[in-house]
Protein chains: 2
Amino acid sequence: MNIGTIAEKSGVPPKTIRYYESIGLVRPADRRPNGYRSYTLFDMRTLNFIKRARSLGFSVEEVRDLLDLWQDKSRTSAAVKALAVRHVEALDHKIEELKSIRKTLADLVKRCRGDERPDCPILEDLGHAAEGGK
Amino acid sequence: MNIGTIAEKSGVPPKTIRYYESIGLVRPADRRPNGYRSYTLFDMRTLNFIKRARSLGFSVEEVRDLLDLWQDKSRTSAAVKALAVRHVEALDHKIEELKSIRKTLADLVKRCRGDERPDCPILEDLGHAAEGGK
DNA sequence: ACTTGACCTTCCAGCGATTGGAACCTTTAT
DNA sequence: ATAAAGGTTCCAATCGCTGGAAGGTCAAGT
């Protein structure tokens, strides 16, 4: 399988696959006599694993750890769970942060008339943060 | 006021202030005879405005637009509101995305025993995404 | 046989928003 | 006199790709 084929089948672009190889996230692909990378179904599974893990918001370094655990038959599920729990906590933190921002901004938006006049509570908040915030 | 002083007072690090100047987000600071940047209270207000806007999640480009509107006395509050509404929508989108990820992952975590044994629904999900996802 | 187009290769650069560090100059305090 | 603390510039790194240039290879059509 050439890189274009596995890219299409896995949904991971060729550029990204080469990038993953360059940072050692996937093992270097075998090469054909012409220099083309040659992929197997094993590589497909790995790419799908990575893609899924990335879509769940794990960083590339976390994915590296997850791949290690995946391949390590003597792993403990506790180790995997610990990694995942940390990530859920990070997600919770981020969500709360965004919700707080959203609330502040939505309040300002609600108080802004949004007409042709220049006075606007949004700009006032940003401008007066000088006094209020410090 | 030297850059260190305004940095401390505004909470924007010197490095960041110079960066903002380099991308034209703030006007180039006046220079003293020795080459040091010299700041005024006007600059303080601008930096505070930027800091507040950034803390509300506006991108630097959005902050640029907001600064323009702030300085433009003939602006309409409708223009400001439109910008803010777009940003609230972007926040909502991001929050929903993270919540969805969090839910998926929290379910997997719940189903993982987290003991000394190797079998783990989290790794199973990631590994079998190959068949399930495609 | 030749050409076109689609693939593959490598390497370098850029995105966003800083931040760190090196190498150097100036001011302030001891 | 000297050392610490501040300022200056410029280049590089972060994270996770992605785009583009310059070139080699392959399969199909004329």
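This is a predicted model: local features need pLDDT of at least 70, side-chain atom pairs count only at pLDDT 80 or more; totals for chains, interfaces and linings use all residues.
Is A79(B) buried, exposed or partly exposed? A79(B) is partly exposed, because 17 other C-beta atoms lie within 10 Å; a residue is called buried at 20 or more other C-beta atoms within 10 Å of its own, exposed at 12 or fewer, and partly exposed in between, with C-beta atoms placed from the backbone. A79(B) belongs to helix α5 of chain B.

Residues are numbered from 1 along each chain as its sequence is written, while chains are lettered from A and ligands numbered from 1 in the order in which they are written.

**Chain A as a whole**

Chain A contains six helices and two strands, where helices (H or I, at least four residues) and strands (E, at least two) are DSSP runs numbered from the N terminus. Along the sequence they follow the pattern α-α-β-β-α-α-α-α. The radius of gyration of chain A is 24 Å, well over the 14 Å that the globule rule gives for 134 residues, so chain A is more spread out than a compact globule. That radius is taken over C-alpha atoms, and the rule is 2.2 Å times the number of residues to the power 0.38. The C-alpha trace of chain A spans about 70 × 40 × 25 Å along its principal axes.

Of the 134 residues in chain A, 27% are buried. Among the contacts in chain A with a separation of 6 or more, 41% come from residues 24 or more positions apart; a contact is a pair of residues whose C-beta atoms, placed from the backbone, lie within 7 Å.

Chain A is divided into domain 1 (1–60) and domain 2 (76–134), with bounds from an automatic or database domain assignment. The centres of the two domains of chain A, taken over C-alpha atoms, are 36 Å apart.

Helix α3 of chain A covers residues 41–55 and has 15 residues. From its first C-alpha to its last it reaches 21 Å, close to the 21 Å expected at 1.5 Å a residue; the expected span is 1.5 Å times one less than the number of residues. Buried residues in α3(A) include D43(A), L47(A), F49(A) and R52(A). R52(A) counts as buried because it has 21 C-beta neighbours inside 10 Å. R52(A) and R75(A) are 23 residues apart in sequence and 20 Å apart in space, C-alpha to C-alpha. After α3(A) comes G57(A), with a positive phi near 85 degrees.

G57(A) is also one of the residues touched by H87(A), along with F58(A), E62(A) and L105(B), not counting residues up to four places away in sequence. H87(A) lies in helix α5 (residues 77–111) of chain A and counts as buried, with 22 C-beta neighbours inside 10 Å. The C-alpha atoms of H87(A) and F58(A) are separated by 7.2 Å, although the residues are 29 apart along the chain.

**Where the chains meet**

Chain A has 52 residues in contact with 52 residues of chain B. On the chain B side, α3 (41–55), α4 (60–71), α5 (77–111) and α6 (121–133) each supply at least two residues. α5(B) gives the most, with 21 residues. By class, this side of chain B has 28 nonpolar, 10 polar and 14 charged residues. Here Ala, Val, Leu, Ile, Met, Phe, Trp, Tyr, Cys and Pro count as nonpolar, Asp, Glu, Lys and Arg as charged, and the others, Gly among them, as polar.

**The DNA strands**

A residue is near a strand if its C-beta atom, placed from the backbone, lies within 6 Å of it.

| DNA strand | Residues around it | Closest residues |
|---|---|---|
| C | 18 residues | N2(A), G4(A), R37(A), N34(B), S59(B) |
| D | 18 residues | N34(A), S59(A), V60(A), G4(B), R37(B) |

The surface near DNA strand C takes two or more residues from each of α1 (3–10) and α2 (14–22) of chain A and α2 (14–22) and α4 of chain B. For DNA strand D, at least two residues each come from α2 and α4 (60–71) of chain A and from α1 (3–10) and α2 of chain B. The surface near DNA strand C has six nonpolar, seven polar and five charged residues. Near DNA strand D there are six nonpolar, seven polar and five charged residues.

Notes: Two residues are in contact if their C-beta atoms, placed from the backbone, lie within 7 Å.
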